[in-house]
Amino acid sequence: MSYTPDESPAQLFAEKTWLAGSIMTGVGYGVVFALFCFCLQSLWHRTRVKDADYTRNCFFLVYICVMFTLGSLFFGSNSQFTQLAFIDDRNFPGGPSAWEVDMFSISVDEISNVSFVLADWCATALMVWRCVIIYRDCGHCPWPILVLLGTMLLLSFVLGILFLHQISSPLSSPYSAAGTNVNFTFPYFFFELATNIVVTILIVLRLYFYRRHMKESLLGPGHVAEHTSVESIIVESAAIYSTFSLLFLIPFAMKSPVANVFMQVLGEAQLIAPFLIIFREAQGNGWISSALSAASSSRTAFQFSDIEFTSRHLHNQGLKSTDVSMPPEEGLDIDNGDNIAEVPRMEDCI
């Protein structure tokens with residue numbers, strides 16, 4: 001006797017993808033929760049010391065709290081939405097998969113929709129800011145890069161608003177837009193992916209040229225390896241989010257139900273990259289912290305060099321000058337600036 005619902009294999013497969021996406025979202029939320037605890041502990045200790053990084057650490061502390069709140073709202077709302085689809089309204093015509101598509105704009109799911117877009121804006125803004133900080137140390141002001149990143153960030157806000165308006169309209173979802181022929185799902189996610197890829201390429205290029213520039217500097221190869229390892233490049237460039245975006249966009253463009261899995265996981269995956277970056281900063285291993293430390297080390301090295309040069313200069317000047325009240329020592333060679341005169345010994349004068 002079979003207990004399989006009276007549905008087509010395509011419907012059953014679509015339901016499996018929605019349920020798998022909800023489960024994987026819970027796994028992603030667990031990772032986000034662990035990273036949030038690590039960041040919170042590190043930043044809390046650092047904010048208790050009011051040093052030069054106090055304002056930045058306070059900003060990071062507020063940022064991770066806001067992002068974790070958005071991630072929690074997304075996870076809770078998505079879980080409740082899944083429960084309604086698979087338990088409370090199980091007998092909806094077409095099954096849970098059809099219910100999730102048709103009821104995408106109800107109030108329960110609207111919480112996750114708004115939280116998703118807001119968290120995406122915050123994550124993108126952090127990445128753009130990081131890229132600007134990394135390029136700030138160039139020899140000239142990278143105005144083309146600043147204009148490009150600013151324009152892409154502004155367009156991200158515009159497309160996010162249009163996408164949010166679409167999925168908030170009745171009988172609309174990421175897969176269909178009621179009352180209009182324009183579906184903003186693909187343009188929005190594609191542009192977000194393009195923004196992250198551009199930022200990733202810019203950061204990787206900057207780290208590569210940084211490695212070449214600093215290889216022979218006072219900092220040594222150890223400091224360079226800290227920023228140019230595979231791990232640091234993946235974290236600093238937020239390649240994790242770009243990977244999950246591709247995993248969603250490719251099936252979505254092919255109209256495959258597999259996109260249902262990664263569309264839900266993206267809600268938590270977009271928080272992992274900012275938390276990893278902030279955790280590295282809180283540990284003093286990020287670009288900003290290490291750049292400030294490097295600048296401080298360089299200034300200290302030049303200061304010691306200046307002190308040594310001044311000390312030698314004063315020593316030489318002291319040898320050149322003579323005091324009329326004190327006779328020179330016997331047999332001492334004195335540099336008078338033009339030639340060297342030897343002071344005769346006393347026994348030679350007798």
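This is a predicted model: local features need pLDDT of at least 70, side-chain atom pairs count only at pLDDT 80 or more; totals for chains, interfaces and linings use all residues.
F74, F116, F163, Y175, F186, Y188, F189, F190, F248 and F252 form one aromatic cluster.

**A member of the cluster**

F186 lies in helix α6. With a relative accessible area of 34%, F186 is partly exposed. Leaving out residues up to four places away in sequence, F186 touches L249, F252 and A253. Of these, F252 is also a member of the aromatic cluster. F186 and F252 are 66 residues apart along the chain, and their C-alpha atoms are separated by 7.9 Å.

**The chain as a whole**

The protein chain holds 12 helices and 2 strands. Read from the N terminus, the order of elements is α-α-α-α-α-α-α-α-α-α-α-β-β-α. The chain has 350 residues, and 41% of them are buried.

Among contacts with a separation of 6 or more, 72% are between residues 24 or more positions apart. The accessible surface of the protein chain is about 19,200 Å², and carbon and sulfur atoms account for 67% of that surface.

**Aromatic pairs**

The count of aromatic pairs comes to 22. Y29 is in helix α1 (residues 9-47) and F75 is in helix α2 (residues 54-88), so the pair ties together parts that are 46 residues apart in sequence. Y29 counts as buried at 17% relative accessibility, whereas F75 is partly exposed at 24%.

The other pair is F36 and F275. Here the ring centres are 6.4 Å apart and the planes are at 35°, so the pair is tilted. F36 lies in helix α1 and F275 in helix α10 (residues 259-282), so the parts tied together are 239 residues apart in sequence. F36 is buried, with a relative accessibility of 10%. F275 is buried as well, with a relative accessible area of 0%.

At 1.5 Å a residue, α10 should span 34 Å, and its end C-alpha atoms are 35 Å apart, which agrees. There is also a kink of about 45° in α10, centred on L266.

Residues on both sides of α10 have a positive phi. Just after the helix, G284 takes a positive phi of about 80°. In the loop between α9 (239-253) and α10 sits K255. K255 has a positive phi of about 55° although it is not a glycine. At 76% relative accessibility, K255 counts as exposed.

Which residues does S77 contact, leaving aside its neighbours within four places in sequence? They are V108, D109, I111 and S112. S77 is placed in helix α2 and is buried, with a relative accessible area of 6%. S77 and D109 are 32 residues apart in sequence, and their C-alpha atoms are 5.9 Å apart in space.

T195 is found in helix α6 (residues 185-214). T195 is buried, with a relative accessible area of 2%. Its side chain reaches the backbone oxygen of F191 at 2.8 Å. Not counting residues up to four places away in sequence, T195 touches T124 and M152.

**Accessibility of selected residues**

The table brings together residues discussed above.

| Residue | Relative accessible area | Class |
|---|---|---|
| T195 | 2% | buried |
| S77 | 6% | buried |
| F36 | 10% | buried |
| Y29 | 17% | buried |
| F75 | 24% | partly exposed |
| F186 | 34% | partly exposed |
| K255 | 76% | exposed |

Key:
Residues are numbered from 1 along each chain as its sequence is written. Side-chain values use heavy atoms; hydrogens and water are left out. Helices (H or I, at least four residues) and strands (E, at least two) are DSSP runs, numbered from the N terminus. Buried means under 20% relative accessible area, exposed over 50%, partly exposed in between (1.4 Å probe, protein chains only). A polar contact is a pair of N or O atoms within 3.5 Å; within protein, one must be able to donate a hydrogen and the other to accept it, and residues adjacent in sequence count only if both atoms are side-chain atoms. Contact means heavy atoms within 4.5 Å. Accessible areas come from the Shrake-Rupley method with a 1.4 Å probe; for residues, only the protein chains shown count as cover. Rings of Phe, Tyr and Trp (its six-membered ring) pair if their centres lie within 6.5 Å; planes under 30 degrees apart count as stacked, over 60 as edge-to-face and the rest as tilted. The expected span of a helix is 1.5 Å times one less than its number of residues. The bend at a residue is the angle between axes fitted to the seven residues ending there and the seven starting there.
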